[in-house]
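Let's walk through this model together. Keep the 3D view open as you read.

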Amino acid sequence: MQKLDTKHDKQYGRVSWTELATIVLVLGQLPSVLLWSFFKSTFTPSKGTHKSWRRNLGDTAFRFVAGAWNIRQLQYCFGTTQQVYEKWARQNGLPVLVDELKGEDARLLWIGPRRTDRVVLYFHGGGYVVPMQDFAASFWNYTRLELGRRHLNVGVAVLNYSIVPTVTFPAQLKQAVKALQYVIASGCKPENIQIVGDSAGGNLALALLAHLLRPVKGVTPISLASEISGVYLMSPWVSLAGGSGSFVTNDSTDVVGASTFAYCGRKVFAGVPDSLHMYLEVGKAPASLFNGVQGIVDRILVTAGGAECLRDDIAEVASRLSVHHGRVRFIVQENGVHNDPFYDFLVGEPKLSDLTPEIVNWLEEGFRPSSSKVEIVTSEVGLDT
Ligand SMILES: *[C@@H]1O[C@H](CO)[C@@H](O)[C@H](O)[C@H]1NC(C)=O
Ligand SMILES: *[C@@H]1O[C@H](CO)[C@@H](O)[C@H](O)[C@H]1NC(C)=O
Ligand SMILES: *[C@@H]1O[C@H](CO)[C@@H](O)[C@H](O)[C@H]1NC(C)=O
């Protein structure tokens, strides 16, 4: 499908009449696309993918829509992160708790009660061009409830950061810095903070780590009183230019196709000075970028789907991190797609992905005060490799 952007429109989600018409057209095609996918998955034996019909339909719908609409159409249909959050919270009978991050036009949105003794700080994905999806909120709500069942009550805060084309990088990094400072200033010690990010949110978490080590000019430098407990990167978008091996081999199996990644990548890079590219594509930065990372975060978890476009580039970044850090765990989820664990929550799939409990367990270990001192974990490749 043609992407209809004009260069200078910086407004969030403003569509023209033709763009509106394409939205309707695409939605009109969706039922037949889903029907076809349903028949295909029912009558052709799937090669090793044990996805339920629900997941097949959800994944297909997401892939179709994400590949068909341009940035403004996606923003128009999905709304802003704050709108998604408020609607989701009301539907789930949870309070709407919004903290303004003054001076940055960003805010923290709390999933469940505002707690600052232990905090999961979440950077959402969406190629730096779309808002948080409600099923991502459901995933973190599930994680919060699971940890609560294990007697670990945690606050989960979503950073509502600005996206392209309303701003360009490093605006999002400034907002992430502000968020971390805010959480610490509210009384949460770094050793009780775990930063989590999926896709572009994983990219932002990596940029934040890089900034803590080599401050970006014009962005407030921070020095931490102690190490951050953990950083978890789910399918981090580490390759904005794309093109590596798995972009070719997994283009047809992923929920986000190679051309959609490349399209978002071009939009995000537009107007970003060359000197900052390495913060957006850490896999292409000098190998020393993460030198010292062992001193700023205690544990790192990186996960990728075996069937996702970003697989090879994520593996490269995980291995770069483990050169400078002894406690990086890398898991490749067999047949997993981009952000695979989230899609169970899009369709209400009762059987969650096998990666989900790994994530919850890993976060649990990070919040148990004594475990971090005795656990010996070196880099490992999990599940299918
Ligand atoms: C964050 O919230 C503000 C206010 O609702 C909005 O203008 C901005 O675009 C938001 N970011 C996203 C990704 O929605
Ligand atoms: C979120 O958590 C609340 C309990 O605090 C629960 O009632 C609700 O069903 C949960 N929603 C989802 C989608 O997990
Ligand atoms: C995904 O890409 C990897 C690496 O190129 C390849 O080994 C694998 O077979 C591809 N497909 C799936 C479904 O895992």
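Predicted model: local features only at pLDDT ≥ 70, side-chain atom pairs only at ≥ 80, totals over all residues.

Q333 sits in strand β8, which covers residues 328-333; strands here are DSSP runs of E with at least two residues, helices are runs of H or I with at least four, and both are numbered from the N terminus. With 4% relative accessibility, Q333 counts as buried, meaning under 20% relative accessible area, while exposed means over 50% and partly exposed lies in between (1.4 Å probe, protein chains only).

Residues are numbered from 1 along each chain as its sequence is written, chains are lettered from A and ligands numbered from 1 in the order in which they are written, and side-chain values use heavy atoms, leaving out hydrogens and water.

Now for the charged pairs. A salt bridge puts a side-chain nitrogen of Lys or Arg within 4 Å of a carboxyl oxygen of Asp or Glu, and the count comes to 19. Here are some of them:

| Pair | N to O distance |
|---|---|
| R55 and D344 | 2.8 Å |
| R327 and D298 | 3.0 Å |
| E365 and R299 | 3.0 Å |

R55 is in helix α2 (residues 53-68) and D344 in helix α12 (residues 340-347), so this pair ties together parts 289 residues apart in sequence. Both R55 and D344 are buried. In the last pair, R299 is buried at 2% relative accessible area, whereas E365 is partly exposed at 31%.
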